[in-house]
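Please work through the exercises below with the sequence and the structure open beside you. Each exercise gives a task and then a solution in steps.

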Protein chains: 4
Amino acid sequence: MEIVRYDVDKEADPATLVYTFGGAEAVASIRPGTVVSTWTADCYGGRVRSESDMATQVTDTRYINPQTGPFHIEGAEPGDTIAVHFCSITPSVDWGVSTTIPLFGALTATPYTAMLHEPLPERTWIYDLDVSARVVRYRALDSDLTIDLPMEPMHGTVGVAPPLGEARSSLTPGSWGGNMDTPEMRAGTTCYLGVNVPGALLSLGDGHARQGEGETCGVAVETAMDTVFAVELIKGVPTPWPRLEDDTFIMSTGSARPLEDAFRISHADLVQWICDGLGLSPMDAYQLVSQTALTPVANVCDSNYTVVGKVAKSHLPGFTGYAGVHDRLRTLAASIR
Amino acid sequence: MEIVRYDVDKEADPATLVYTFGGAEAVASIRPGTVVSTWTADCYGGRVRSESDMATQVTDTRYINPQTGPFHIEGAEPGDTIAVHFCSITPSVDWGVSTTIPLFGALTATPYTAMLHEPLPERTWIYDLDVSARVVRYRALDSDLTIDLPMEPMHGTVGVAPPLGEARSSLTPGSWGGNMDTPEMRAGTTCYLGVNVPGALLSLGDGHARQGEGETCGVAVETAMDTVFAVELIKGVPTPWPRLEDDTFIMSTGSARPLEDAFRISHADLVQWICDGLGLSPMDAYQLVSQTALTPVANVCDSNYTVVGKVAKSHLPGFTGYAGVHDRLRTLAASIR
Amino acid sequence: MEIVRYDVDKEADPATLVYTFGGAEAVASIRPGTVVSTWTADCYGGRVRSESDMATQVTDTRYINPQTGPFHIEGAEPGDTIAVHFCSITPSVDWGVSTTIPLFGALTATPYTAMLHEPLPERTWIYDLDVSARVVRYRALDSDLTIDLPMEPMHGTVGVAPPLGEARSSLTPGSWGGNMDTPEMRAGTTCYLGVNVPGALLSLGDGHARQGEGETCGVAVETAMDTVFAVELIKGVPTPWPRLEDDTFIMSTGSARPLEDAFRISHADLVQWICDGLGLSPMDAYQLVSQTALTPVANVCDSNYTVVGKVAKSHLPGFTGYAGVHDRLRTLAASIR
Amino acid sequence: MEIVRYDVDKEADPATLVYTFGGAEAVASIRPGTVVSTWTADCYGGRVRSESDMATQVTDTRYINPQTGPFHIEGAEPGDTIAVHFCSITPSVDWGVSTTIPLFGALTATPYTAMLHEPLPERTWIYDLDVSARVVRYRALDSDLTIDLPMEPMHGTVGVAPPLGEARSSLTPGSWGGNMDTPEMRAGTTCYLGVNVPGALLSLGDGHARQGEGETCGVAVETAMDTVFAVELIKGVPTPWPRLEDDTFIMSTGSARPLEDAFRISHADLVQWICDGLGLSPMDAYQLVSQTALTPVANVCDSNYTVVGKVAKSHLPGFTGYAGVHDRLRTLAASIR
């Protein structure tokens, strides 16, 4: 086992950072089987720090959601899959931030769901983070209420370079991963991503101290993260849409609009995955998914919306995904704690 | 406390049963505070009983999803809310059935998502139900696999007469409730429904021994149910979209197409409910929902799709919905076991 | 040929009028082949008459869009089609009205596309109608501009009772017709509607002096209409979704959400209709539609959205729809002018 | 006036051509006011030539829809607008091709609208083009029918580099233009595109001899084109979404999913454009658009769907868009015929 440290310049000029999947040169090369320890900036690059900082004023909106990477995964070729297992995801600071952004979010007009309304107010909430107590403290702006919520750290954005020569904003999720914004992307989860270009070009960022399902206002409790992840390469096995696995569930993601298409992608992929894994006919797998799937919405704010379909492994006797990569990476992760 | 038995003729001619919300005369009158014990047929009226019974052949498709009711709730007027608490929901037979239906379901062309494909195959799965062990046994049709799944009984359909003089098929969910098909409609849950016509005209049916979130193929593990529920009347409090409450969560439902509109309805209602319950400003409540909501998809197969947004009461210190009706009904339910 | 006058009480209590398709008794019986001369109220029942009348204040929102009918078509049975040919549609008054309505329209949050915005302002525009000059005069409220637009009278709402025992609001379009709000429903057009209940129960209303495609703000230039239409019955031929025909085009409508489903319905129906009419294979008809269809949006404001797909008859050599009913009704209509 | 010839190597290796907006170096620099004469390949690069050529077999699906360009427009900066006027668009060969492609099109399951159906059959239709007679000949594959249709040449794809560092496939439309697939992009039309990067980086391609509105099967009558266009630069005027203008209409496009969002974008932009051009209040412009817009669907097959909202200039007395650029380019174009 190899542990590699990849350091990020926390004071770098925002214009020099990476804001796309595809379209950027690899910053480092990683051998499959490696554990990487690194850091990710918050989605605002640390520039929204107080309740009086308005995101649209203190940031350059061309430079939102910087990614750490991309990493070249040695030997990865189109048609392969990489597995990214999150060993740990820990806030590196004692505060997080959420905001509303004019014309962004699920319960507002947007540039796509175009309407004649004035934008909703732009506001900023600062959360206190207590990593040892695993507490995230919400503080209302317009009244005195504070509420301690459980810390549940996750990465909103994990992905590889897309196909067709595209470079996609780190604000967008799709078949390449990207800004899926699902709380399932937590420590203990393995993320499977299909490879579209040589080296895959893996990036990650957008740490959230916690997030509701749907990320309704468009912004989670954003924070910088110290993250340790392990990477494996699965040769000759394609993965059309990102899949996740943890000790309890297998999960398929879909990212599209309208939201039912995100649902359809995730559930059609679950059907296929379970066909393959249990040797069921498509109709039998369709039936089994229909009675066993849990289906948490991930985000309804990004330029594609994301849905997760998941089935408990306890309902899939004999099923093993990707020849047991998750279990091996889980063991590996345990060994380095 | 009053316990009322409402008996259903299990051998009735299907053409004489009730298949709409609105458009039917009340079968009984219920005083608020009453506990009702009754029975509901399965969605096929018990006519699909073996793997060789095809739903489109053994049933008359005009008569799908019969409802028990409607019940006239004494004193209910437009602008009020009724609370329906499920004391118990128990399969009354030892089998359940699921099927595919041509051009119905989430992963197939439908009359609305019209395409040029041939329909998927029509198939029927029969499940063994073991009420005492709380087990639902899946049996693959095309291979030898059987899987024991946990029994989690629920009602797919609960609702009142809609507004505007409409009568709506029991296959459709909407602001009046109806065919929401959410697994949250289980014993221990209170369902709040806004009243649109005098007496509310409450009906229920469509029992499921279990169901995946999304009801992907369009049909759950359908079964007849012995159900006990309590009804309360909340005067002068409107409820625009159905809300649910159990001991742990408050929940808002939205039923619409596209699926993001179902999401928007449920989350906008959560924001409003929490504004009211905690005295928060709308933007503060929007923020709190964004970080705390869980968002399970309910169905993506009916003529409207349904999403549930839910927030743990533990994240809402001091919140009480509907002046504590759920707690009172919970206590009442406990007293009759 | 028989010409029948059906008179409407223009001073009737709004609560006594008909606001649903289905759920109302027939007001008259019509023999196929009859020409009917009648009148329809505007969607507000004439109660919004000046720029200071706000629709939500001067009307009871339970009583919007009254229909003339329903008419029992003699001999019509489920599985048949009725053809309704519009001989003439003429404003019966010299004014029309349009308004905005809070939370209704395409460019605003609505109860379905639920958001946290305040509603847009409610405003009322009164149009001068000059029937002889066929002019509709727009007058800006906030500046001095007036614009004379061509009068293009049409019915927003034409339909029959829906299937499954439903009664549907006259504000909603669907497979039964209803509030399709397409400018194609003009004099010279024949509308084909599938029959769901004995007698079909045809109603119509919602006259528009003109309307943009999409009916963007949700309200056209609403006016009362003197309308003459002819009805024919086509036995044993079902029509799943409303079709239109004029001298130049055949047209299929779809009404659904999201809007792409309305598109899919209309285009799949065009493919089917052309398969049948030209003896083409489905793939050849799909190809022909792909290169020849015009596709005007009808409405993006109602509870279902409507799209019209149309193909010029000049591109369909040898095609005759419904055995030439349109041509016969056209001739009939010409004979009574 | 300057006329510039830009020649394309018609025999180039497909892998060397340009398939994205953004992500490619300019091939030439164009001074505003220039007329450019060039050629565009058909979407298959000329490789699908007979009814037995299946697109998925004779092409490399990474290299679909090659673009001519990108052209650097001198002086164009973010925040400016370029105007591209089509002087002439003429098929350069005497044949066109259309196909079905598995899992692509409006009436089929796709990778996004994921379903369990088998793909529809892949077929190829070859059209005879007669440029002098302006005829496109459809020939059914499965029966003997041929139909002569009017030639109406257009470009499916016209656009500039997108913002945020993205490179987008030439198969996708969006705010940068791209694969909008609207028949309005014909000779005589001026297309306004907002500039996102220095030089704008204009490309065009995807000629269609004709196309139905919606491009239902996903493929028009594809053909190589000889095209002459003029370019102007409008400094300091942004254009958020592509607009079109011809002698009769102003038009706004929206490209998004679901289709109602494409509608909303185009109609909200029309409202804004007319506010600006006539000095109307937003509500007065909303009203005027509601009664005057025509709304042809452009495509319902691409990764975003496109809707065009258009208003006749005759309904907009005193309106001039972009200070009369269209009229000047129209005159320029007339001078070179």
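A residue counts as buried when its relative accessible area is under 20%, as exposed when that area is over 50%, and as partly exposed in between. The model is a predicted one.

**Exercise 1. Determine how many residues of helix H3 of chain A are buried, and which elements they pack against.**

Solution. Begin with the extent of the helix: H3 of chain A covers residues 282–292, and ten of its eleven residues are buried, so that the helix is mostly covered. The buried residues are A:Met283, A:Asp284, A:Ala285, A:Tyr286, A:Gln287, A:Leu288, A:Val289, A:Ser290, A:Gln291 and A:Thr292. Next, look for their partners within chain A, where they pack against helix H2 (259–278) and strand E21 (305–312). Finally, turn to chain B, whose strands E7 (95–99), E8 (124–130), E9 (135–139) and E10 (146–150) also pack against the buried residues of H3(A).

**Exercise 2. Describe the side of chain B that touches chain A, by its residues, its area and its polar pairs.**

Solution. Start with the contacts: 62 residues of chain B are in contact with 62 residues of chain A. The area buried between the two chains is about 5100 Å², and carbon and sulfur atoms give 61% of this area. Of the area that chain B buries against chain A, B:Met283, B:Tyr286 and B:Gln291 supply 14%, more than any other three residues. Between these chains the count of salt bridges is zero, whereas 42 residue pairs are in polar contact across the interface. The elements E8, E10, H2 (259–278) and H3 (282–292) of chain B each supply at least two residues to this side, and H3(B) gives the most, with ten residues. Sorted by class, the side has 36 nonpolar, 19 polar and seven charged residues.

**Exercise 3. Work out which rotation superposes chain B on chain A, and which rotation superposes chain D on chain B.**

Solution. The same surface serves both copies, since 100% of the contact residues of chain B recur in chain A. For the second pair, chain D is superposed on chain B by a rotation of 180° with 0.0 Å of shift along its axis (RMSD 0.0 Å). These two copies are thus related as by a two-fold rotation axis. In chain D the residue that comes closest to the rotation axis is D:His117, at 3.4 Å for its C-alpha.

**Exercise 4. Decide whether the partners in the salt bridges C:Arg257 with B:Asp261 and D:Lys310 with D:Glu184 are buried or exposed, and state which parts each pair joins.**

Solution. C:Arg257 lies in the loop between strand E19 (249–256) and helix H2 (259–278) of chain C, while B:Asp261 lies in helix H2 of chain B, so the pair joins two chains. C:Arg257 counts as buried because its relative accessibility is 8%, and B:Asp261 counts as buried at 2%.

In the second bridge, D:Lys310 and D:Glu184 meet at 2.9 Å, N to O. D:Lys310 lies in strand E21 (residues 305–312) and D:Glu184 in the loop between strands E14 (177–178) and E15 (190–194), so the pair ties together parts of chain D that are 126 residues apart in sequence. D:Lys310 is buried, with a relative accessible area of 10%, and D:Glu184 is buried at 5%.

Terms used
Residues numbered from 1 in each chain as written. Chains lettered and ligands numbered in written order. Predicted model: local features only at pLDDT ≥ 70, side-chain atom pairs only at ≥ 80, totals over all residues. Heavy atoms only, no water. Buried < 20%, exposed > 50% of the residue type's maximum accessible area, 1.4 Å probe, protein only. Helix = DSSP H or I, 4+ residues; strand = E, 2+ residues; numbered from the N terminus. Contact = heavy atoms within 4.5 Å. Least-squares fit on C-alpha atoms with pLDDT ≥ 70 in both. Buried area = accessible area lost by both parts, 1.4 Å probe. Salt bridge = Lys/Arg side-chain N within 4 Å of Asp/Glu carboxyl O. Polar contact = N/O pair within 3.5 Å; in protein donor to acceptor, adjacent residues only side chain to side chain. Nonpolar A, V, L, I, M, F, W, Y, C, P; charged D, E, K, R; others polar.
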